[in-house]
Amino acid sequence: MMWDYYELCEEDSTKAICVICKTIISRCGTGNSATTSSLVKHLRLVHPVEHSEYKTNIAVKKNEVSSQKLHAGNSRGSCGVKRSGPSGFQKRKIQKAKTKEAELLAGSLLKYVTEKRHTNQNEETREESNIEESSRDSNEEILCVENLCPVEEEKEEGETSSCSEPKRGTSFDYEFLDSNDAANWPMPLPDHFRIEIIKQGHREDSSSENRGNFIELVKMMAKYDPVLSEHWSKLQEAAGGSRRVPSYLSKGIQNEFISILSHHVKQKIIDDIKNSKYFGIMFDSTPDESHTDQMSEIIRYVHIEEGAVEVRESFLGFFAMSGKTASDMSNDILKQLEKDGLDIQLCRAQGYDNAASMSGVHGRVQRKIRDINPKALFSPCANHSLNLCGVHSFACVPSSVTCFGTLEKLYSFFSVSTHRWEILTQKVGKTLKRLCDTRWSAHHDSVKAVRQNVEQLIHTLEEMCDPSKENLDTRSAASVLLPAICDFTFLCYLEFWNMILEEVNHTQKYLQTPEITLDMGLTKMKALQLFLVEERNTLVNTAIQFGTHKCREMSIDIDRRGRRKVKKNLPGETTSDAGLNLQEEVRRSMFECLDRFIQELATRSTAMENISSTFHIVQSKFLIEASTENELEQAIEALNLVYGDFVKEEVCKEVYRLRRHVSATGTAMEEAASWNAKKMFEFIIKWDFTESLPNICLILQYFLTISVSVASCERSFPKLKLIKNYLRSTMTQERLASLAILSIERKAASVLDFDDVINKFSVLKARKHNLKLV
């Protein structure tokens, strides 16, 4: 066992090398008489953790040997006594395993419990028999959840409580855990706060050893809160008796509290929406754990408070879809808005993904909503549009499809086996990323990981083809994957897509910002398009140079492999195709991908550009620099084609008035012309010009309610997966929506007035009712 930590020196057999710190240690004696005492001493002084592990292994070995001897003695008819239970060492080992398991299950209790670290000063004089103390001191952190002892159970006479003081290794941090009043604890408690978690579940009756997280948490808080402690004592006294005491701890009460809390949060959000009057809607759906389509409802509105302008996208809950047709979904949306008390006629914008049933212009959801309210403009999700640009561009060239297929196969090869994944992390030092189908720009993570470590990956695959190291399945899979990576075309596309996807990924993340406005998103999309147009030749040349350099560096053949397609001549045609070499063919394919990407980007940006042209009157550059009144009137006419609420003369007067206000505040006209719509609105609110510029303020509010993407809807989906998981797949719809609101809108939930919540609960639970005489 000692030689697990040392290697024998090849030049001198009386010396050994420590595999941990690479120190050369001289062994006592010469030749075969050399001992390991110096090695044990080095391990004990320099590596105490490994020394403790070594001593534990020795004790286990001795125990196994003694057990074998005892069994052999019994089989020979000896008078050896068979142990009826586990030995002392086995008990200590079981206790140590329980302690480690409790440490893993403790979760956020580390915030309230501080660990004491113990160091051993006399390890040199410790004997091998003292296994318990050495194993305990070798652990740097020990957390014993049982030491918390939330409530002292009733003891028999003469029996002392084991919870009177914490055991060794644990102490309470009373700065966070007030011993007098639990109301002083930092609230709300962490999400992963756990008292005791068992794999078989729990029961909440009084005879159960584990009554679940909620009841166990109440028990612990009762030790420090006098009111809760008195209530818990009454429940304990009434348990099993004929006298019934309401506990207010049942699952029904929990659901009622959750419903009341979420109702207060939702009502506060709805009140803010009604105060802003106009709003935009965003809806997106995803299946939950019980295979029910859940629609996420997000409302976008402008919140003005104390001179600050904030564009908010607030979550109002999940609701189950009744069907997937456009009629069913539009009816569900209208019913949900009516249930929330929101008037569809005050809606000024719609935002959905690019699914045909949602964004179609003939008889789809956005069309049906516009038939009811023509002023609800539809803006397609810019993120989904950008995804489709990438999908269509790389799918038009077979060699590009092969490149991404190779990346997916490479990830699958290593992820299918823990042994292969361990080899990957050891040899390469980094992990691979999987391709994401829903967010195409996430391909950048996968491409970047392979691009930065392509040489190490090739060397790793070559080693995994060695028959002496790997089994048949690994060798065969690696031998098939290796030629696909050691390919000139693959290496060129690796660099090509790495450069493009880096810019696409930055654009995608920017478009997902909740407060982004349409003019800001359109500017970012145009910047991406300019990058692809201006760097078109540079991107292709750089990719070809990278592939050529890597092939020469790793001795990879660049010549074309396989059969070459020959163009068939028409009858009477004598000319033949000159043909392209491999580098020219790859260059042509890359230009085809780029041109298709630029074309798709220009086409799918048209919808955003049309909306921007409708609101051209409130674009800062136009407001400041429009020279003639005719230009202003044309911009107002374009706006009235949709809304028809504005008078030309009044709006023109306000434009000139705004310019005078900007000059009077000392703001440079050039600076004002560079503002986005939100910045312009903030300027008007800050200087309190709303009374003199009512039409411009209204148009700006309309414009800011238009969403750029439905990323806020998709951000609610991970919460759905966490709340309604496979253990809670039968959760009711009301509880799911309530928990989701409290979790997603936690900022609004954290400022709730709990007195109002308690008053509402007391009214619902009041047993006395006022009688009205008719």
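So, first, what I mean by a cavity: on a grid over the protein atoms alone, it's a set of points where a 1.4 Å probe fits but cannot get out. Keep in mind that this is a predicted model.

With that in hand, how many cavities of 30 Å³ or more does a search of the whole structure find? Three. What's the lining like by class? Five nonpolar, five polar and three charged residues. As for which element gives the most to that lining, it's helix α28, residues 711–723, with three residues.

Okay, on to the sheet. We've got five strands in an open sheet, and the order goes β8-β7-β6-β9-β10, with mixed pairing. At the edges sit β8, residues 308–320, and β10, residues 377–380, and each of those pairs on one side only. If you ignore direction, neighbouring strands here are turned by 25 degrees against each other on average.

Let's look at the β10 end. Strand β9, residues 347–352, runs parallel to β10, and four bridges join the two. If you want one to click on, A349 has L377 in β10 as its bridge partner. And a quick reminder: strands of a sheet pair through backbone hydrogen bonds, either parallel or antiparallel.

Over at the β8 end, there's a helix to look at. Helix α29, residues 733–744, lies across β7, residues 293–305, and β8. Relative to β8, helix α29 runs at about 160 degrees.

That's my tour, thanks!

Definitions and conventions:
Residues numbered from 1 in each chain as written. Predicted model: local features only at pLDDT ≥ 70, side-chain atom pairs only at ≥ 80, totals over all residues. Heavy atoms only, no water. Pairing = 2+ DSSP bridges. Axes fitted to C-alpha atoms, helices over the stretch in contact; angles between N-to-C directions. Contact = heavy atoms within 4.5 Å. 1 Å grid on protein atoms, 1.4 Å probe; cavity = no way out; pocket = protein on both sides within 12 Å on 5 of 7 lines; lining within 4 Å. Points joined across faces, edges and corners; volume = space filled by probe spheres on them. Nonpolar A, V, L, I, M, F, W, Y, C, P; charged D, E, K, R; others polar.
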